[in-house]
Amino acid sequence: MHALTADDTWDRLGSISWLLHQAATRVWEGAEPDSPRQSLGLGVYLAQAQVSSLLPEDYQLPDADGDAEDLERQSALQLLTAAEELTRPLPAHRPDLVNSYQLVIDLCDLIREARDLGC
């Protein structure tokens with residue numbers, strides 16, 4: 001396995017951000033006021049903000065139009081799982097990605113919660 005370049009890393013983080021946005025949207029669509037799903041949706045948005053904070057200020061998120069139709073069929077749990085899988089090859093030893101460890105932990109917690117809520 002080769003090391004990720006900076007551009008690969010940013011694109012991977014951009015894809016994670018996009019997946020988390022889609023997952024939060026799915027969770028919020030079925031959430032009733034003051035339900036556990038609202039808390040989950042908020043948690044997913046917070047994870048997305050965490051990813052965004054790892055990206056360079058001038059980074060432009062990739063256009064995901066080609067994948068949109070395929071992602072429409074995926075549940076919030078599937079999207080969260082896909083986002084977590086994208087974190088695995090991230091070079092967490094880099095100083096600019098040192099906070100990615102917390103992201104992985106948060107994503108695992110969100111996956112567990114989504115599974116418990118049947119999302």
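Helix axes here are lines fitted to C-alpha atoms over the stretch in contact, and angles run from 0 to 180 degrees between N-to-C directions. The structure is a predicted model, in which local features need pLDDT of at least 70 and side-chain atom pairs count only at pLDDT 80 or more, while totals for chains, interfaces and linings use all residues. Residues are numbered from 1 along each chain as its sequence is written, and side-chain values use heavy atoms, with hydrogens and water left out.

The chain has five helices and zero strands, where helices are DSSP runs of H or I with at least four residues, strands are runs of E with at least two, and numbering starts at the N terminus.

I turn to one helix pair. α2 and α5 pack with their axes 10 Å apart, at an angle of about 160 degrees. They are therefore roughly antiparallel to each other, a term for angles over 145 degrees. In contact terms (heavy atoms within 4.5 Å), L40, V44 and V51 are among the α2 residues that meet α5, whose side includes L103, L107 and L110.

Next, the core. A nonpolar core is a set of buried Ala, Val, Leu, Ile, Met, Phe, Trp, Tyr and Cys residues joined through side-chain atoms within 4.5 Å; buried means under 20% relative accessible area with a 1.4 Å probe, protein chains only. The largest such core has 29 residues, and L13, I16, L20, L40, V44, L80 and L110 have the most contacts inside it. Two or more residues come from each of α1, α2, α4 and α5, with the largest share, eight residues, from α1. Beyond its neighbours within four places in sequence, I16 is in contact with V51, A83, L86, T87 and L90.

How values were computed:
Buried < 20%, exposed > 50% of the residue type's maximum accessible area, 1.4 Å probe, protein only. Parallel < 35°, antiparallel > 145°, perpendicular 65-115°, else oblique.
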